[in-house]
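Student: I'd like to learn how to read a structure like this one. Can we go through it together?

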Amino acid sequence: MQHWTLILGRLQQLALEHGLAAMQPADAGAVPPIPGVTDPATVARAKDFWRDSIALWQHLLDPAAQGPAQRPEQTADRRFRDPRWHENPVFDWIRQSYFLLSDHLLRAVESIEGVEGKQKEQLRFATRAFIDAMSPSNFPATNPQVLEKTIETRGENLVKGLQNMLADISKGQMTQVAPGAFELGRNLAVTPGKVIHRTPLYELIQYAPTTPNVLKTPIVIFPPWINRFYILDLTPEKSFVRWAVDQGITVLMVSWKSADASLKHVVWDDYVAAQIDAIEATRAALKVDRVHAIGYCVAGTTLAATLALLAARGRADIVASATFFTAQVDFADAGELLHFVDDAQLAMFKELSPDGYLDGRYMAATFNLLRGRDLIWNYVTNNYLLGNDYAPFDLLHWNSDITNLPAKWHLSYLSDLYRDNLLATPGALSVDGTPIDLGRIETPAYVQAGREDHIAPAESVWKLTEHLKGPVRFVLAGSGHIAGVVNHPEANKYQYWSDAEPKGTLDDFLAAARETPGSWWPDWAAWLRAIDSATVRATGARKPGGGTAKALDDAPGRYVRER
């Protein structure tokens, strides 16, 4: 084996060295260089690849020889954390070959001339997706864990994995969490409350107080309608709703209806009208003049439009403050989702919505593609190849709980906001016939962004501070779009940056900001109380169904269970 391995290595080295020799500059009078094939830059990149390949083969044959340099993130890559990827010479060579090819593919993309801006970003994204898909960890013959498991179980892992894969194909969605591990009202969305208002588009849930006194001004939370509301009411030890109630805050939550053919007429104006309706329903039910409002992600974008509309109509005073969780209003730098909003893809979305609504599985697949390594290929390896059981993870259960979208609204949102960025231009968009201008919003605002957010990049969320004219507190949380928001103080995870003026750039803010370990939730609660600290007894209408707004259903309500 050693002899023939040495022979194969020598043959390979001779071929590689010949390739290097063939790439020497052509003599004068030879055929002119062919761009992208024999031009000097392409030849130089090819030489680099050949040299790195020779070094890798030499390292395989002689472990003492120096192989190609690896970046720290490659050494720590979780796909290759099993010791055999590093200790077994063959699998170490496979792993390093993969990184070598990946690096050179990405360099080739960067070297392409005549392609700039959006097209270059799309090409980078597609190349990274291809690289993730071709990882040797995704194939049974090149993954030492899969090979060992196959021998150990006599192939039963592959049988179970195929069952998992066929089940996912039949339902049209990749499974990410153990079936039956979670149930709404049993171990998810269990904060006590009642549905006190219902329309064809949403339900309004009021949560029961847990303190003798509560803040006079309640909060109304608008979650994104592209997902279920209970991201903010997961298990009790993670629930933002439960925590806020325990702080003596009256909390009301909007639960959006998953679209069907009956909502095919719905557009963005209807969601703005629904937010105003929920605010008015809360004011009437609790006999208050104003409310605090929270908007998460796309609902935060819509909350900004709602505030602009109220300002234009002279009614801004019904909202005491606005909190934005990872929300964008200026989509010039909106991140990787911009790869999915060109004309061809918008036309495809239209074809996928013949009944007037977009099946939520398409949206789920899009978001999975943004983090394909973690949300697709991780499950291919663990559940299709290794045949492992699915983990009981509440966040992944929520991530898989799809919501259908009104097709007309979805297309206009992508085209008007993501593609054309009209919301950032005063008067370019109208709601219910009224032109909206974010510059008219003077409502005190708390703007939260996630430092590692790949859906609403922090730099994009920062732009919100440049449009609002009222007092703004900006907080940058550690982690991303979900974990950066859902971070209970008792978890003692991550950190946040605050106390700097939201002026200049995000880098300017970070240079002056103070880093605080743990959750930003207490900072937000203190900010809220500073706006209005008046309290009332938690009796009468402060108990769901105890006032004029009668209880229609127990929380979490009816709409969250509909498909």
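Student: Which strand do four bridges join to β7?

Tutor: First, some ground rules. This is a predicted model, where local features need pLDDT of at least 70, side-chain atom pairs count only at pLDDT 80 or more, and totals for chains, interfaces and linings use all residues. Residues are numbered from 1 along each chain as its sequence is written, and side-chain values use heavy atoms, with hydrogens and water left out. Helices (H or I, at least four residues) and strands (E, at least two) are DSSP runs, numbered from the N terminus, and two strands pair if DSSP finds at least two bridges between them. Here, the partner is β12 (residues 445-450), which runs parallel to β7. Within that pairing, Ala322 has Ala445 of β12 as its bridge partner.

Student: In which sense do β6 and β7 pair?

Tutor: Parallel, over six bridges, with β6 covering residues 291-296. Look for Tyr296, which stands opposite Phe325 in β7. Together β6, α11 and β7 form a right-handed β-α-β unit (with the strands pointing away from the viewer, the path from the first strand over the helix to the second runs clockwise).

Student: Why is β7 described as largely enclosed by the rest of the structure?

Tutor: Because seven of the seven residues in this strand, 319-325, are buried (under 20% relative accessible area, using a 1.4 Å probe and protein chains only).

Student: And which residues of helix α16 are buried?

Tutor: In α16, residues 407-419, the buried ones include Trp409, Tyr413, Leu414 and Tyr418. The buried residues of α16 pack against several elements, among them α10 (268-286), α11 (298-312) and α13 (360-370); contact here means heavy atoms within 4.5 Å. Just past the helix, Asn421 has a positive phi of about 55°.

Student: Which helix gives the most to the lining of the largest cavity?

Tutor: That's α16, with five residues. Of the 16 lining residues, Leu337, Met363, Phe367, Leu414 and Tyr418 lie nearest the centre.

Notes:
Buried means under 20% relative accessible area, exposed over 50%, partly exposed in between (1.4 Å probe, protein chains only). On a 1 Å grid over the protein atoms alone, a cavity is a set of points where a 1.4 Å probe fits but cannot get out, and a pocket is an open set with protein on both sides within 12 Å along at least five of seven lines; lining residues have an atom within 4 Å of a point.
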